[in-house]
Amino acid sequence: MNTGKVDVLLGLQWGDEGKGKVVDVLTPEYDVVARFQGGPNAGHTLEFEGEKYVLRSIPSGIFQGGKVNVIGNGVVLAPDLFMGEAKDLEKSGHELQSRLHISSKAHLIMPTHRILDRALETAKGKNKVGTTGKGIGPTYTDKISRNGLRVGDILHDFDRKYATHKERHMKMLESMGWTDFEGFEETEKVWMEGIDYLRSFKIVDSEHEINKLLKAGKSILCEGAQGTMLDVDFGSYPFVTSSNTICAGACTGLGIGPNRVGKVYGIMKAYCTRVGAGPFPTELFDETGKQIRDLGHEYGAVTGRERRCGWVDLVQLRYSIMVNGVTELIMMKSDVLDTFETIKACTEYELPDGTRTTDFPYNIDCVKPIYKELKGWQTDMTQFTEEQQFPQEFKDYVSFLEAELETPISIISIGPDRNQTIVRDK
């Protein structure tokens, strides 16, 4: 925790690293948790006290009483999905209205954005990106082209603004020859109910709020969505999301200066996964990949899609650590590898011309991973409560990763529950 600073927590791989659980574990140390980018395409799963929750837009600090939670300007928000998510939390006894603040500058995902998402993806044919169809891309496109509808607009002449934006989208769909509007009227009706529900929350200029909280000495944890390799600039473009998922996104997504950033927590899995299309150098197509998927329950929290699985990629992780300025690593799902006799880690890539590199190249479509093999620990670690209980082979794996990545691993997760978290001795 850094008083007067913001600490940033983000994923270092292709998303699904387990950020939600870590935010929940770290939140007791912070006064404020702020989400800085992404939309309801990313689900953060948390498990504790026998319950399982999936958060899509609401910051993962909402379960810790008395904390301020902020949805920042870099987020895109779907009012209907937000309403459903918030009401489910309220039903389970988590009061939101006084603790959740929403940036007036966050952009709204309209019902027509979702139709545009489907239409644009369909038009790509075999070159599909693998979008979740939640309207994220078209919403960010409107934002960048200065045609967006924002949360603050729901307080000023909203009906006219909405009708204007909807008409523009409908003309775009007409020009594409799109005719599938099944269920649109019902979706739009619930969406409008979501707009009314949004008005019951505290809508703030989050950049002022965040900086005033910092000036007052409050500690803030910034929560990212997706992962570094889905960053629109530094990820495996074009198979990326539409926002900056890296540490710099916390500055633009919340309105804070770079000199305000303190610790940068980088979350990684002990192996690697990817959802949707796009290159994935260490992907396993054999029984081992299937075994990792089944043991790790690697299915999308929002979409239910199978995740592609592979060994940990240290070339990719070094790159992510560099562009984010990571100060501490947090390793998730170590227990998934508990039964393996041999563990592999990609230490460099072989390029098409036969040369090898440890730098992450512009094109990773044709690289061949070069692996180092390590002895597995073949021990059930899920009930361990302290670092001293780890088997030597697992300690060796952790030491190997720290040496290769030149960054300390400060927290190790050995299961999905809040309690299955080992904070290592400093």
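## A walk through the predicted model

At 56% relative accessibility, Lys 52 counts as exposed, where exposed means over 50% relative accessible area, buried under 20% and partly exposed in between (1.4 Å probe, protein chains only). This is a predicted model, in which local features need pLDDT of at least 70 and side-chain atom pairs count only at pLDDT 80 or more, while totals for chains, interfaces and linings use all residues. Residues are numbered from 1 along each chain as its sequence is written, and side-chain values use heavy atoms, with hydrogens and water left out.

Lys 52 belongs to strand 4 (residues 51-55). Helices (H or I, at least four residues) and strands (E, at least two) are DSSP runs, numbered from the N terminus. Between Lys 52 and Pro 416 there are 364 residues in sequence, yet the C-alpha to C-alpha distance is 9.6 Å.

Let us turn to strand 15. Five of its five residues are buried, so strand 15 is largely enclosed by the rest of the structure. In a regular strand, side chains alternate between the two faces of the sheet. Here both faces are covered: Glu 328, Ile 330 and Met 332 are buried on one side, and Leu 329 and Met 331 on the other. Strand 15 pairs in the parallel sense with strand 11 (residues 261-269) over five bridges, and with strand 19, also parallel, over three bridges; two strands pair if DSSP finds at least two bridges between them. In these pairings, Lys 269 stands opposite Met 332, and Leu 329 stands opposite Ile 409.

Which elements each supply at least two residues of the lining of the largest cavity? They are helix 1 (19-26), strand 15 (328-332) and strand 19 (409-413). A search of the whole structure finds one cavity of 30 Å³ or more. On a 1 Å grid over the protein atoms alone, a cavity is a set of points where a 1.4 Å probe fits but cannot get out, and a pocket is an open set with protein on both sides within 12 Å along at least five of seven lines; lining residues have an atom within 4 Å of a point. Grid points are joined across faces, edges and corners, and a volume is the space filled by probe spheres set on the points. Among the residues lining the largest cavity are Lys 21, Ile 330, Met 332 and Thr 421.

| Space | Volume | Lining residues by class |
|---|---|---|
| Largest cavity | About 40 Å³ | six nonpolar, two polar, one charged |
| Second largest pocket | About 290 Å³ | 10 nonpolar, three polar, two charged |

In these classes, Ala, Val, Leu, Ile, Met, Phe, Trp, Tyr, Cys and Pro count as nonpolar, Asp, Glu, Lys and Arg as charged, and the others, Gly among them, as polar.

Of the 15 residues lining the second largest pocket, Gly 235, Ser 236, Tyr 237, Tyr 362 and Asn 363 lie nearest its centre. The peptide bond from Tyr 237 to Pro 238 is cis, with omega near 5°.

Now for the annotation: an unreviewed UniProt entry lists Asp 16, His 44 and Lys 143 under "active site". UniProt positions are given in the numbering used here, feature names are shortened, and annotations may be inferred rather than shown by experiment. Asp 16 sits in the loop between strand 1 (6-11) and helix 1, and counts as partly exposed at 26% relative accessibility. Not counting residues up to four places away in sequence, Asp 16 touches Lys 269, Thr 273, Val 275 and Arg 307, contact meaning heavy atoms within 4.5 Å.
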